[in-house]
Amino acid sequence: MRLPADNEAYAPEFPQGLQWVGVAFLRMAQQMGRPILVEFFDSARINSYRTLPYMREWHARYAEPGLMRTIGVHSPAYSFGRDPEVAVAGIERMDIPYPVVLDPEFAVWREYGNRGWPARYVFDRRGVLRFVHWGEGEYEETERVIQELVAETAPEGELELPELMHPVRPEDVHDVEMDPQTADIALPADTERVQLSGTWVPGADWIEAQEEGASAAVDYRAGEAYAVLSGTVAPGLHATEGMVVAEAAGLRLHGFQFTPLPPRP
């Protein structure tokens, strides 16, 4: 969604005391003079991985040459993500080339009034919000706005901008017709959507296996399925065909996530 240049939504300053990855710290006030792209994400959400190819490419095209600043905000959707060691490990697995601030208590999230993962905010050289998008999609429009704002800061005739990125996936094409997919499952709230075998005990944002061999299965219609696990395995996303089996007691299942079905030919 584009916003007019004369709106009064300015880039919030980052709260003090937060941990940064890839840089000692950043002050938003020191980034003025060039466009700023801020992306809220979570290393335990598959849609954050799906936007990453675009974020990496925009960073290489516009931030590395000094035309823009890119900043990531890691706001954890699951309790394990509030642990800094877990968050940093997840960010490193994603191989993110730009600075990231850890937002375990959603302080930055609240400053922005953010609504979900991923979320994209583009500010102009004055720090005024010019574009916002929640979720996947609108990649072409995002880059178009970035180019317009970059052009505002460059002397006339001295900037040659690249062609807009081609869609990474068929479902990323603008206005493509998509089939409905299974909605993500959050536990323990959506336990009735999961077929459980063995003993599971509900927790804050998980169900925990009480014995080896306890299983959880889901029926789904989607492109891919992922289980969000912690406890006895590395916390985060794990590819699945719709079935999770505990190799030991203590496995925590936080939910299932699904990717879109590829569009019909």
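**View 1. Arg-120, a buried residue of strand 5.** Arg-120 has a relative accessible area of 1% and is therefore buried, where buried stands for under 20% relative accessible area, exposed for over 50% and partly exposed for values in between, computed with a 1.4 Å probe on protein chains only. The residue lies in strand 5, and its side chain is joined to that of Thr-142 by a polar contact of 2.7 Å, the term denoting a pair of N or O atoms within 3.5 Å of which, within protein, one must be able to donate a hydrogen and the other to accept it, while residues adjacent in sequence count only if both atoms are side-chain atoms. The model is a predicted one, in which local features need pLDDT of at least 70 and side-chain atom pairs count only at pLDDT 80 or more, whereas totals for chains, interfaces and linings use all residues. Residues are numbered from 1 along each chain as its sequence is written, and side-chain values use heavy atoms, with hydrogens and water left out.

**View 2. Surroundings of Trp-58.** Not counting residues up to four places away in sequence, Trp-58 touches Leu-37, Ala-63, Met-68, Arg-120, Tyr-139, Thr-142, Glu-143, Ile-146 and Met-165, contact being defined as heavy atoms within 4.5 Å.

**View 3. The largest nonpolar core.** This core has 26 residues, and those with the most contacts inside it are Leu-37, Trp-58, Ile-91, Ile-96, Val-122 and Ile-146; a nonpolar core is a set of buried Ala, Val, Leu, Ile, Met, Phe, Trp, Tyr and Cys residues joined through side-chain atoms within 4.5 Å. At least two residues of the core come from each of strand 2 (36-41), helix 1 (46-63), helix 2 (84-94), strand 4 (100-102) and helix 4 (139-153), where helices (H or I, at least four residues) and strands (E, at least two) are DSSP runs numbered from the N terminus. Helix 1 gives the most, with six residues. A second, separate core of 20 residues includes Ala-11, Met-28, Phe-40 and Tyr-112.

View 4. Strand 2 and strand 5 (residues 119-123) pair in the antiparallel sense over five bridges, and the bridge partner of Val-38 in strand 5 is Tyr-121.

**View 5. Two cis peptide bonds.** The bond from Trp-117 to Pro-118 is cis, with omega near -20 degrees, and Pro-118 is placed in the loop between helix 3 (107-112) and strand 5. The bond from Leu-187 to Pro-188 is likewise cis, with omega near 10 degrees, and Pro-188 is found in the loop between strand 7 (185-186) and strand 8 (195-197).

Technical notes:
Pairing = 2+ DSSP bridges.
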